[in-house]
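Please look at the sequence and the structure first.

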Amino acid sequence: MSSDPSVTDETSTNPVEVASAESTPANDAAPTRPPGGTYTKMAMRNMVRQPKRSLLEFGLTTVGLLALLIGLSYLTR
């Protein structure tokens, strides 16, 4: 055994606590996922399948943000 208090002994965990933590009902329920995968994967797939729509929405978002920032700077000058 080391006398250094920052070193922990991994065999000192209580097996009763570990077993009770693993068998809780919250851990048994698996999170539900959409059928096609994660939302990020679905968004990336849609961007590849519909490039015109993705570019149009990106352009509209950019124009909208610029309009908002210019409008706010005009109002607060």
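The dialogue below takes the features one by one.

Q: What secondary structure does the protein have, and in what order do the elements run?
A: This is a predicted model. Start with the elements. The protein has four helices and zero strands. From the N terminus on, the order is α-α-α-α.

Q: Where in the protein is confidence lowest, and where is it highest?
A: Look at the whole chain, then at each element. The mean pLDDT of the protein is 76, and 55% of residues reach 70 or more. Helix α1 (residues 15-22) has the lowest confidence, with a mean of 52. Helix α4 has the highest, at 96.

Q: What share of the 77 residues counts as buried?
A: The cut-off for buried is under 20% relative accessible area. Of the 77 residues, 0% count as buried. The protein exposes about 7,400 Å², and 65% of that comes from carbon and sulfur atoms.

Q: Which residues form a nonpolar patch on the surface?
A: The patch consists of L65, L68, L72, Y74 and L75. Together they have about 560 Å² of accessible area. L65 belongs to helix α4, which covers residues 51-75.

Q: How many salt bridges are there, and which side chains meet?
A: The count is one salt bridge. It joins the side chains of E57 and R53, at 3.0 Å from N to O.

Q: How are E57 and R53 placed in helix α4?
A: E57 and R53 are four residues apart in helix α4, so about one helical turn separates them.

Q: Why does E57 count as partly exposed?
A: E57 counts as partly exposed because its relative accessibility is 39%. That value falls between the 20% and 50% cut-offs.

Key: Residues numbered from 1 in each chain as written. Predicted model: local features only at pLDDT ≥ 70, side-chain atom pairs only at ≥ 80, totals over all residues. Heavy atoms only, no water. Patch = residues over 30% accessible without salt bridge, like charges linked within 9 Å, V, L, I, M, F, W, Y side chains within 5 Å. Areas by Shrake-Rupley, 256 points an atom, 1.4 Å probe, with all protein chains shown as cover. Salt bridge = Lys/Arg side-chain N within 4 Å of Asp/Glu carboxyl O. Helix = DSSP H or I, 4+ residues; strand = E, 2+ residues; numbered from the N terminus. Buried < 20%, exposed > 50% of the residue type's maximum accessible area, 1.4 Å probe, protein only. pLDDT = per-residue confidence, 0-100.
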